[in-house]
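Here is a short report on one protein model. Please keep the sequence and the 3D view open as you read.

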Amino acid sequence: PGSWPDRFTLSEANAEEGPKYGWSKAAIFSLTVPVDQASAQSWLPDALLTVTSNSTARVFVAWYPDSFCCGPYHEIGIVLNVTHVKSGITAAHCPWMLVDSDRSMIAGREVLGFPK
């Protein structure tokens with residue numbers, strides 16, 4: 001894991017199928033768990049988001065053997081249920097993810113905006 005010998009490009013499928021984007025054959029294990037509200041809140045920007053009153057999170061572990069951009073990689077992360085302070089809108093927020101590939105870290109962070 002770590003480096004990738006080829007230049008970063010998107011794979012192209014045949015003309016009938018269109019471009020190939022996505023993570024085929026992915027295996028993902030996800031679990032909803034209770035979290036300590038104060039501890040979870042420490043991962044959030046105070047003036048912007050708060051942990052919802054139900055204080056749960058989704059923890060996931062994933063194996064992507066065939067991603068469209070990065071080759072095979074593993075990923076683990078947490079997604080908190082949050083509320084936007086000013087609007088009151090609830091959402092899911094991922095404070096961090098860990099990956100075992102530099103290429104997936106860069107693509108996930110720089111292209112997709114995930115905190116890898």
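The sections below go through strands, cores, a helix and a few single residues.

## Model and main hairpin

This is a predicted model. Strands β6 and β7 run antiparallel and are joined by eight bridges. Val82 stands opposite Ala91 of β7. Five residues lie between the two strands of this hairpin, and Gly88 there has a positive phi near 80 degrees.

Gly77 sits in strand β6. Its relative accessibility is 1%, so Gly77 counts as buried. Gly77 and Met97 are 20 residues apart in sequence, yet their C-alpha atoms are 4.2 Å apart. Beyond residues up to four places away, Gly77 touches Arg58, Val59, Phe60, Trp96 and Met97.

## Asn81, a buried polar residue

Asn81 also belongs to β6, which spans residues 73-84. Is Asn81 buried or exposed? It is buried, with a relative accessible area of 15%; the cut-off for buried is under 20%.

The side chain of Asn81 has a polar partner. It makes a polar contact with the side chain of Thr56, at 2.6 Å. Sequence neighbours within four places aside, Asn81 is in contact with Thr50, Val51, Thr52, Asn54, Thr56, Arg58 and Ala91.

## Nonpolar cores

Nonpolar side chains in soluble globular proteins tend to be buried together. In this model, the largest nonpolar core has eleven residues. They are Phe60, Ala62, Tyr64, Phe68, Cys69, Cys70, Tyr73, Val79, Cys94, Met97 and Ala107. Strands β4, β6 and β7 each supply at least two residues of this core. β4 gives the most, with three residues.

There is a second, separate core of eight residues. Among them are Leu49, Val51, Ile78 and Leu80.

## Helix α2

Helix α2 covers residues 102-111. Which of its residues are buried? Arg103, Ser104, Ala107 and Gly108 are. Viewed down the axis of α2, these buried residues fall within an arc of 120 degrees, so they line one face of the helix. An α-helix has 3.6 residues a turn, so residues three or four places apart point the same way. The buried residues of α2 pack against β6 and β7. Ala107 is also part of the largest nonpolar core.

Ser101 caps the N-terminal end of α2, with a side-chain oxygen 3.3 Å from the backbone nitrogen of Arg103. Just after α2, Gly113 takes a positive phi of about 85 degrees.

## Two loop residues

Ser55 is found in the loop between β3 (49-51) and β4 (56-64). Ser55 is not a glycine, but it has a positive phi of about 45 degrees. With a relative accessible area of 10%, Ser55 is buried.

Ala26 is found in another loop, between β1 (23-24) and β2 (27-34). At 35% relative accessibility, Ala26 counts as partly exposed. Neighbours within four places in sequence aside, Ala26 is in contact with Trp63, Tyr64 and Pro65. Ala26 and Tyr73 are 47 residues apart in sequence and 10.0 Å apart in space, C-alpha to C-alpha. Both Tyr64 and Tyr73 are members of the largest nonpolar core.

Definitions and conventions. Residues are numbered from 1 along each chain as its sequence is written. This is a predicted model: local features need pLDDT of at least 70, side-chain atom pairs count only at pLDDT 80 or more; totals for chains, interfaces and linings use all residues. Side-chain values use heavy atoms; hydrogens and water are left out. Helices (H or I, at least four residues) and strands (E, at least two) are DSSP runs, numbered from the N terminus. Buried means under 20% relative accessible area, exposed over 50%, partly exposed in between (1.4 Å probe, protein chains only). A polar contact is a pair of N or O atoms within 3.5 Å; within protein, one must be able to donate a hydrogen and the other to accept it, and residues adjacent in sequence count only if both atoms are side-chain atoms. Contact means heavy atoms within 4.5 Å. The arc is that of the directions from the helix axis to the C-beta atoms. Two strands pair if DSSP finds at least two bridges between them. A nonpolar core is a set of buried Ala, Val, Leu, Ile, Met, Phe, Trp, Tyr and Cys residues joined through side-chain atoms within 4.5 Å.
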